[in-house]
Structures are given as structure tokens and as C-alpha cells.
Amino acid sequence: MPIQDYIEKAKRVLDKNWTGEYTVPSVHLYPHQWNWDSGFIAIGYSRYDTDRAIKELEHLFKAQWKNGMLPQIVFNKNALGKYFPEPDFWKTELSPDAPKNILTSGITMPPIHGYAVLKIYENAKDKDKVIPFLKWIYPKLIKLHEYLYLERNPDDNGLIYIRHPWESGMDNSPMWDPILERIDINKVKIPEFKRKDNKIVDPEQRPKDIDYKRYVYLVDLFRKHKYNEKKIFEECPFIAIDPLFNSILCASNEALVKIAEIIGEDPKKPEEWFSMTARSVRDLLFSSEKKIFYAYDYIEGKLIEVETAAGFMPLFGGIASTQQALKLYEHLNSLSFCKLGEKNCFAIPNYDKQKDDFSSKNYWRGPIWININWMLYQGLKRYKFKQKAEHLEISIMELPMRFGFYEYFDSFIGKGYGTKDFSWSAALFIDLAYDMYEKNEQKWKIRKVGKPLILNLNGEHISIENREEILKDFNCLTKKIIDQYSKNGTVDYNGIKLSPEYKLYQNVISKFVNKDILSFQSKEEEIAFLINLYNMMVIDSIIKLNIQNSVKEIDGFFTDIKYRINGKDYSLDDIREKLKKFNDPRIPFALVKGTNSAPPLRFISKKELEKQLDTATKDFIRSPEVLILPEEKKVLISELFRWNSYYFDSNEKIINFIKKYVKDDIKREFLEKEKDIDIRYLLYDWTLNN
């Protein structure tokens, strides 16, 4: 189980950063507790240590302000002097709302915590044990959201503003340049300060000094007004509506509804919050022309037309309409943000990489961040963009495995930047890796079927007798079914079952029983037919046997369920055997198994056979089913290679085959030159791809 080694490495990172009460982002640079970091970290802990996940958020929420604000930083009194700015600069004791005897900053961060709390409950082995925690933290979460809707909602429409770039979590994002540049540092008084971050990390990877001067100016404004929200709003030059912040708020509102139902509270308030914010984001922040959500400059009263990954975050919050989601996908899957199949590019960079001021290594101005990709991965799955979700899954898994658990990563070469041993990179890697293991460890309730079970004996009588007409109808109906009911690697089995095409398909395959349809005029025709037959047999079997979760539910799924053709019975394995005579190692990557780890369903045409087999193979090699780790001298591959040892009977054949379809130059060079590659097999996800 090759991923397990990296899970243990990730856990060691979290252990290193654990203080006994909470987890610092990294002992090397961030010595205190950070707000949204702890939310992501708790999600990682929830997979294997419920108690620690709970402690993480308990410690954070004990520092909640009286007005409900959850501070960006909770300072460790014993670790002062290692970071800027610290409590002596923030002076939050000036606010009557600040907690007593707890040192905090005076701003907040994206409210991921409701979402994280629900994950703690959902992932807990003993859910009853989590109920007291839910009851303790739920009113605090409500108070946090009430603060946002009462004090940060100027137009009473659910659009929550931020008053400092740090509140977005994306500190020096180009998104904030137009607002910050209005602060003329030559005309305002800026307190003296001394940075410490750029003495530890290469300054090229951090915000510039001029950025920090503006950040500090804003903090000075806040403390001048003793953190009174009304007075700050009247004078602050930075008032922005952030699509990321509001999308995360929606995701947590949605989670609060579920938590309320679990503990017997009234979910009406978070339901209303979700609807109000989602509607306003959808209606006011989306650019149909640019196919992205923009931040909004409240002072200027206009959208900030700068394209960053934050503009896709309404997918995570469940905000985007279907049409908006399709447009977002088109933009997300473009050369601006790393297109599927694009060479030497990791998904998703934080900023449009075609812009002149894009930087692949400077903080929030271009690199890959694991938390952003993790949220977009969840959003893409939510909207059923399975192939693109897998594209992000590769980045989230591959980058830490190859380069270590860094803060952020180079968009082109993958190198880790910022501080090493970064907690949320480790935590969210764990979350994704556990998903893979838990799906594999599911125990299916196995059913036996009568042997053999012939599926194509019950079609209604139709008059077609001509072999060519039967094949023509088979191909036509197969193409219609696949085109209409298969998308991005998933299949709508219920939709197929109820469709008129499926009923006609039953009639056509019933004609196979006594008809010699396995005589072909060309190799291309035979290969295409057998692949399509195999794939439609899988669909037909899943529907007729009412498979709900996995083909593993049926004992002998691939051997004992058959079609009768010209008096002879053929199982799925029999068809696979017939395909071996063509000795084409691409064929297995066009055969589906009705599972998440199988290649996506597609119709195969005899006229485009070569191109389609190449595309199917390329898509599979570039999916999470093949992970190439040059720095580790490892290649992690799907069990499909083992099951098709007829084509891949040696490591050399496997490597030579894979390298033909690799787009990344570093990976290809590794495969070509390295003589001692460690090949290991990934867990296979047998979950139904519905």
C-alpha cells in the first residue's frame, strides 16, 4: 500500500507542529494558531484522531471575541518575538469585545469552521462521542456567522465584506492590488515595524515591503478606532466583497443546517443565510462574459476584474447555477489555469498564468496551494466534473509526495516554496488519501446469481434479421446512451434504465442469440464492436441486477453474467480474452468496469479507433491512477496493469508504455533515464461510478 508511507509522513508533520492544545501552521515560520489553518487541520485529524480534531477547534473558539468575531491569530505567550505582527502591535486590548487574558489579532479569516466541524462528526468512528462537542460549538458557530451578517453585511444582502487582505487568506493576491494601490504610502503615516518572515523565507517568495506597509497602515487604522466595526467601515480604504470568503461562508452555512438537525436545533437561520448569500454572489459577482466570479470593490462600487482561483470557489460553496458552473469549468480548464493535458503545468495555479505579473513562486501571486485545490476538488466533484476533479487530485497527492509538505508549490516545476512541514498541506493530503483507503475497505454485501445468467434472452420481438442492420442499430443506440447518460467519468444508470434507447437496446441484443454477428470485415470493426459490447454489458448488468454500490456485490460479475451470441455464451472475461489476439495494450484502457478507478465510458468508432484508443490511454495515464514520482524514484500504478499482465509482463514494458503518454518533461526524462524504478500498485476503488 504505497500511499500509506506518505500518510505516515504527513502525520509526522502534524505531530511536529502539535503543541498539546493546537497545531501551528509550521514550527519553522508560524509559531501561533491561525484561524482557517486550524479548520483545515481539523479536517485532516478527523480521519484518524477525533480527540485532537476537537481540541484544535476548542482552543481556537475559546479565543472568540464577545461580538462573535473569530480572530485570525491566537498568540502563544511563550512563543512571542518570533513573528510580526504580534500582540504588542495589534493592541486588541483596546477593544471591549476582545477576550480577556487571551492574546489575539484584530481581524478574522474565511469561516471554514462549520464545514470542518461537520467533517469531524461525519468521519468519527464513534459519532455519539462527538455530539457533546457539536452542542458546545454550535452556538459559537452561530455567533460567528451572526457577527458577519450583522457587522459585515452593509447592504443587508448577505454579501460579507473583508477589511484587510489578510482576512481573505490570500494576502498579496493580485485581486487586491487595485484597492491597495490607492493607499499612497507617501501621504499616510505608517508606524515603524520590522518584518521577520522574509528573513526566514526567500524574499522572492513573500509579499513585498510596500505590501507590508499598506497592511500595517490598515492595522494601525483598526487600533486607532479600537476595533469598532462601524467606525472602521466609515474610514477604511479597503472594503471588499471576496468570492472565496463568501463561498466558504455558504459551505459552512450548509454544514450548520446539517449540524442543527443532528443535535435537534432549528436550522432556519443558517438556511436563510445560505440562500441570501448564495443568491447575491450568484447575481452580483459573476461575469458571464469572463466566465468567473470577481471580487467587488465596495468603495468604488465595481467588480475587481482580476482572475484568480478565488473566482471559482462558488463551486465549493454550492452557489453557482448549472449554467454558471459550466462557464466556470470552461475557464478553469483553460490555458490560464492549467488545462487538462497541458504540458508541464500543475493545477490549479492561484492566478491566471497568462498574465504578465504572474509568478510561479511568489506567495499568492501564482503558486499552487493545497487548500485552494482541495476546495476546488470538492466543488468540481459536487458539480460532477469528475475528470477535472481528478486533475486536481493528482496535484494534491503528487506535489507533497514528490517535493515534501511545503506551504505552496511552483506552478510549472512543482518545487516547494515558503516554509516546509506545513500543516494544512499534510492534513488535506491525509483527507484525500483516507478517501482512497476507505472506499477500498468497504465491505460489499455479496449476492450470488444463477450460473450462467444470460441477460439478452428477454427482448421483445422485432423484425430486424439482417446482420448489418442489427450492428448498425447496436452502434447507434450504444452511442446515444453513452453520449446522453455518461459525463466526466460518471454514468447515470437510472437515467439509462428509464430511457427509450435502453428499451430498444434490449430488443437489439435479443437478436444476438441466434445470429452470427462476430464475423467482421476489418480488424478496426471487430475491436470497436467488442469494446462497445463489453462496456454495454457492464451497464446492462448493473441495471438488471440492481447494483447499488459496487459490481463487487455480485459474485462472478465478470465470469458468470453473459450474453448469448449465435448459440454461444460470452462473459465479460470471455470478451476480454477475444480482444487479446490483437495484442494492443491500449485496449484495457477503453474497457470500463463500472467503477471509479476504471477508465471513463466512451463510444468507440471503427473509423476513429486509433485516435480514440490513444485518447483513452492518455487520459488514464494522466489520471490519479498513475502517479509518477521522479524525486522518489517511484511509479505508482493502477491494478489494471497487473490484471492485464498479458500485455505488461515486466516492469520494463510498463515503463516503456507509460512514458509514451506522459506530457511532463521531467517525468518523461526520469522514465527514460532511470534504470532502477520502484513500481508499486495503488488501491483500486470499486465504488460504482454513478
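Biologist: How many helices and strands does the protein chain have?
Modeller: There are 26 helices and 20 strands, both being DSSP runs numbered from the N terminus (helices H or I, at least four residues; strands E, at least two). It's a predicted model, where local features need pLDDT of at least 70 and side-chain atom pairs 80 or more, while totals for chains, interfaces and linings use all residues. Residues are numbered from 1 along each chain as its sequence is written, and side-chain values use heavy atoms, with hydrogens and water left out.

Biologist: OK, what share of the residues is buried?
Modeller: Of the 690 residues, 64% count as buried, meaning under 20% relative accessible area with a 1.4 Å probe, protein chains only.

Biologist: Switching to pockets: what volume does the second largest pocket have?
Modeller: About 580 Å³. A pocket here is an open set of points on a 1 Å grid over the protein atoms alone, where a 1.4 Å probe fits, with protein on both sides within 12 Å along at least five of seven lines. The volume is the space filled by probe spheres set on the points.

Biologist: Which residues lie nearest its centre?
Modeller: Ile 394, Asp 619, Ile 621, Arg 622 and Ser 623, out of 37 lining residues; lining means having an atom within 4 Å of a point.

Biologist: And which element gives the most to that lining?
Modeller: α16, with seven residues. α16 (386–403), α23 (609–621) and β18 (626–629) each supply at least two.

Definitions and conventions
Buried < 20%, exposed > 50% of the residue type's maximum accessible area, 1.4 Å probe, protein only.
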